[in-house]
Amino acid sequence: FADEGETSNNDIDDNNSLSIEEIIVTAEKRSESLQDVSKSVTALSADELEAKNIIDFVGLSAITPGLTVAKNEGYKTVISIRGVGDETNQNAIAAPSVALHMDGIFVASKFALRTDFIDIERVEVLRGPQGTLFGRNSTAGAMQFISAGPGQELEGYARLTQGNFGKTRIAAAVGGPVNDRLGVRVSGVWEQEDGMVKNVPDKGNAGWTDYSAMRLVADFQATDDFDVRFKAQFGKSDGSPLNFHNTLTPHP
């Protein structure tokens with residue numbers, strides 16, 4: 001990069017200037033430029049997630065250096081950063097080594113990580129111990145998810161995805177200002193898939209999915225110096241884990 005007042009060896013038109021896009025993150029629980037943060041951070045915007053078709057935790061590990069995410073035992077999500085995680089801890093209610101925060105709220109349960117990303121504004125992945133700011137459950141690192149807010153103008157989107165084995169996914173969101181002090185945004189996702197493995201004994205499918213979730217976000221500016229965010233979220237995940245068994249009798 002060239003400092004202000006300097007140019008590279010390439011010819012540059014007088015009307016153009018070199019600039020670096022500023023990325024604002026809250027990796028230290030305050031808004032600051034990513035270039036000023038003294039931590040190892042990967043920040044991903046909603047546009048980047050959409051362009052790479054990242055809709056869940058497992059997909060996030062494909063584009064984030066040092067991050068590994070895997071589904072374990074059909075119900076638990078295992079997250080590791082730089083090789084430090086919960087691979088050897090098979091207790092479903094044990095405290096994680098990677099702290100997960102959604103809009104500043106710590107999420108301790110590994111069952112909560114089965115959800116997809118719903119209308120996310122950005123994702124921040126912090127590598128290395130973060131105990132000073134993010135608590136004792138961050139010996140490996142921390143992940144922070146920021147929900148999309150109402151914004152200053154009325155906007156929204158609707159996306160439809162279809163694929164093999166009866167896969168259908170619908171995601172939609174709409175939000176905007178109600179008045180000068182209140183803004184509201186509603187979003188939701190619904191996904192269904194028949195499963196790609198046939199269970200021979202009972203002639204059913206294994207690995208099927210039936211998932212839905214909704215979220216309501218309301219931003220209220222009480223005073224010029226005090227803002228309030230209210231968020232309500234509901235999710236339901238049904239499905240059959242993709243397991244193989246050495247028996248011919250039907251397995252639940």
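I began with Q144 and looked up its contacts beyond the neighbours within four places in sequence: T26, H101, G104, R122, V123, E124 and F134. I am working on a predicted model. Q144 sits in strand β10, residues 141–147. Is Q144 buried or exposed? Its relative accessibility is 6%, so I put Q144 down as buried.

Next I looked up the sheet that holds β10. Five strands form an open sheet, and I read their order as β3-β9-β10-β7-β8. The pairing is mixed. Which strands lie at the edges? I noted β3 (40–45) and β8 (105–106), each of which pairs on one side only. I then checked how β3 meets β9, residues 120–127. The two run antiparallel and are joined by six bridges. For one bridge I took S40 and found its partner in β9 to be R127.

I turned to the aromatic rings. The structure holds one aromatic pair. F57 and F145 make up that pair, and the geometry is edge-to-face. I recorded 5.3 Å centre to centre and 70° between the planes. Over 60 degrees counts as edge-to-face, so the label follows from the angle.

From α2 I moved on to S61, which lies in the loop between α2 and β4 (67–72). Leaving aside neighbours within four places in sequence, I found S61 in contact with L67, T68 and V69. I also looked up S61 and I81, 20 residues apart along the chain, and read 9.6 Å between their C-alpha atoms.

My last stop was the second largest pocket, at a volume of about 640 Å³. How many residues line it? I got 28, with A46, E50, D119, Y157 and R159 nearest the centre of the pocket. The elements giving two or more residues to the lining are α1 (46–51), β9, β11 (155–163), β12 (167–177) and β13 (182–193). I took a further look at Y157 and R159. The charged end of R159 sits over the ring of Y157, 3.9 Å from the ring centre.

Note on methods:
Residues numbered from 1 in each chain as written. Predicted model: local features only at pLDDT ≥ 70, side-chain atom pairs only at ≥ 80, totals over all residues. Heavy atoms only, no water. Helix = DSSP H or I, 4+ residues; strand = E, 2+ residues; numbered from the N terminus. Buried < 20%, exposed > 50% of the residue type's maximum accessible area, 1.4 Å probe, protein only. Contact = heavy atoms within 4.5 Å. Phe/Tyr/Trp six-rings, centres within 6.5 Å; stacked < 30°, edge-to-face > 60°. Lys NZ or Arg CZ within 6 Å of the ring centre and 35° of its normal. Pairing = 2+ DSSP bridges. 1 Å grid on protein atoms, 1.4 Å probe; cavity = no way out; pocket = protein on both sides within 12 Å on 5 of 7 lines; lining within 4 Å. Points joined across faces, edges and corners; volume = space filled by probe spheres on them.
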